[in-house]
Amino acid sequence: MIRSIAHLRMRKTAVLAAIALPVLMGMSAVSAKTLVYCSEGSPENFYPGINTTGTSFDVTEQIYDNLVNFERGGTKVVPALAEKWTISKDGLEYTFNLRRGVKWQSSKNFTPSRDFNADDVLFMFERQWKENDPFFKVTSSNHSYFGDMGMPALLKSVDKVDEYTVKVTLNNPEAPFLANLAMQFAGVQSKEYAIAMLKAGTPEKIDQDPIGTGPFQLVQYQKDAIIRFKAFSQYWAGKAKIDDLIFSITPDASVRWAKLQKGECHVMPYPNPADLDTMRKDANVVVQEQPGLNIGYLAYNTTKKPFDDVRVRKAVNMAIDKKAIVSAVYLSTGVAATNPIPPGQWSYNKAIKDDAFNPAEAKKLLAAAGLPNGFTTDLWAMPVQRPYNPNAKRIAELMQADLAKIGVKAEIKSFEWGEYRKRMQNGEHQMGMLGWTGDNGDPDNFLNTLLGCASAKSNGSNVAKFCYKPFDDLVLKAKQVTNPAERTKLYEKAQVIFKEQAPWFTIAHAVQIAPVRKEVIDYKLSPFAKHTFYGVDIK
C-alpha cells in the first residue's frame, strides 16, 4: 500500500512537471533553441568538490570548467582553462599556462570585477586540501574524490608563478594525475566570489547559487522538479548552439520514456531494459549505445561481522545466482561481472575465473566459519536507476531468496539517494549495492578509488572498507609507474587478490544507452556516462 501511494505521488509530481515544462519552454521557444533533458534525480548540491553522484555531476558539468578536460565523447585529455602545460622529466612538476580573457558568469549576489586567473586555480586546490582554508568546511568537509584520488598525500605544493601560470609539485610521480584533473571534483570556482560571500556572512552561497566559467549558467532550481540553464554568451570557447537547457527531473524511467515520445524532452538517461525494443521501433527516436566503462556490485562491509571473515564473503558470493539476476534484470543490456574493472578497461585480467554458483559449497564455508545455521544481515538496495544497476530493489529480492536457501536472512533497506550514499560511505551497512562508472579511463580510478586503503579510511568511495596491504601496495605502486606494460602486470595481480579476498559480489557491466529524439544534432555518448550539452544542437 505504501508503495502504491508513493508511486501515485511520483506520477502526480511527474504530471505536474510535464504540465509546467511546455510553459517554461514556451517562454523562449519563438526566439531561442531549447533542449530538455529528462534527468533522473536532483543534485546533491552545486559544488563538484564534494559531490559523488553522476546526477550531481551532470549539473555541475554545465556550469564549471577544469584546467584540462576530456575530449567530447572520448578519453583523450585536452586543454581547457589551461591552454598548455609542461611536465618535468622526473614527473614531479606540472606547469600550467592559463587561458587569458576567460569570463566569469554573474548572479544576483555577485558581479565579477576580473577574469579567471591563477588565484582561482589555487582556490580550487586549497579549498579541498588545506583544513585552515575558510571554505574547507563550508557545505561539507568530506571532499570524497580529492581524498579518494590520494591528493592530500600526493600534492607537495601548488604555487602561483604569475597571474596566468600555476606550478603543481608532487611528492611522487603519478601516472593518472593529468586525467584526474579532468574529473569533476577539480571544477574551478571563483576566488573573488568566495571572498565576497565570506565578507557578506553567507559563504555557502557559492555552492547554492553557483557561478562558473562554463558554457551554461544556472537560472532556476526547484528540487525534484526542474533545473533551468541559459547559454553563457561570453563563454571562452564560443556560445553554445542551444540557448536554453532544461533538466526536467523525472525519477520514473517509464515517465521519462513517455515524455520523450511526446517530445516533452529530447534526451533521457537510464531507460528500462524492457522498453528498448519499443524505443528502437520509434521513428522519432535514435537509441545510441556503446560498451559501458562501469561495474555494478554488492559491497560487503569488511569491518563488520560476519563479513570480516573472507569465508563468509566467499559463501555469499557462491550462494547468489548471478546469471539469473543478469538475465531477469539487465535483459540485453548487461554482462555478468567477474572483475572489479570492466572488460573494455586496459589491464583487465581475462585469466580470472568467477566464483561458481554453488549453494552446497556455500553452506560448507559458512559452517567452517562457525555459522552452520546461517546469520541475519541487512541488504541495502539503491533507490535510483543506473546503467550498471537498472533495478536494485528487484536484484535485492532475488539475492534475498537465494541467501535464504543457505540460512542467511537478509532484510532489504533503502534511503533517499543522497542519504544512501552518505550512510554507505559512513559504513552503516553490512551489505549494500552500489556501482561505478569510470571517471578518467585509468584502472586506478576503479582499483584505488573504490578499493584502496586511503579511500576506506576517509569515508570515501571504498564502501567495503576494504584495506588489505598486499592489494594496496600493488595499486599504489602502479600509480607511480609510467610504463603501461609494467602497470598492466601490477593491476592484473591486484585483480587476482581482489578475487581471493572477495570484498564485493561483482554483479554486472552494463551497455551504456541513451534514447535521443531525431531533432537533436551531434549528441555524443561519453565513456564516463557524463551528459554534456555543449556542442549539441537542435533542429
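For the class counts, Ala, Val, Leu, Ile, Met, Phe, Trp, Tyr, Cys and Pro are nonpolar, Asp, Glu, Lys and Arg are charged, and the others, Gly among them, are polar.

I note that this is a predicted model, where local features need pLDDT of at least 70, side-chain atom pairs count only at pLDDT 80 or more, and totals for chains, interfaces and linings use all residues. Residues are numbered from 1 along each chain as its sequence is written, and side-chain values use heavy atoms, with hydrogens and water left out.

I used a 1 Å grid over the protein atoms alone: a cavity is a set of points where a 1.4 Å probe fits but cannot get out; a pocket is an open set with protein on both sides within 12 Å along at least five of seven lines; lining residues have an atom within 4 Å of a point. Points join across faces, edges and corners, and a volume is the space filled by probe spheres set on them.

I found five cavities of 30 Å³ or more. The largest cavity holds about 370 Å³. Its lining has 24 residues, with Gly54, Phe57, Thr437, Asp439 and Phe528 closest to the centre. I sorted that lining into 12 nonpolar, seven polar and five charged.

I then checked the second largest cavity, at about 120 Å³. Tyr270, Pro271, Arg386, Pro387 and Val511 are closest to its centre, out of 13 lining residues. The classes are nine nonpolar, three polar and one charged.

Last, I looked at the second largest pocket, about 480 Å³ in volume. Among its 28 lining residues, Glu61, Asn69, Phe70, Arg72 and Thr532 are closest to the centre.
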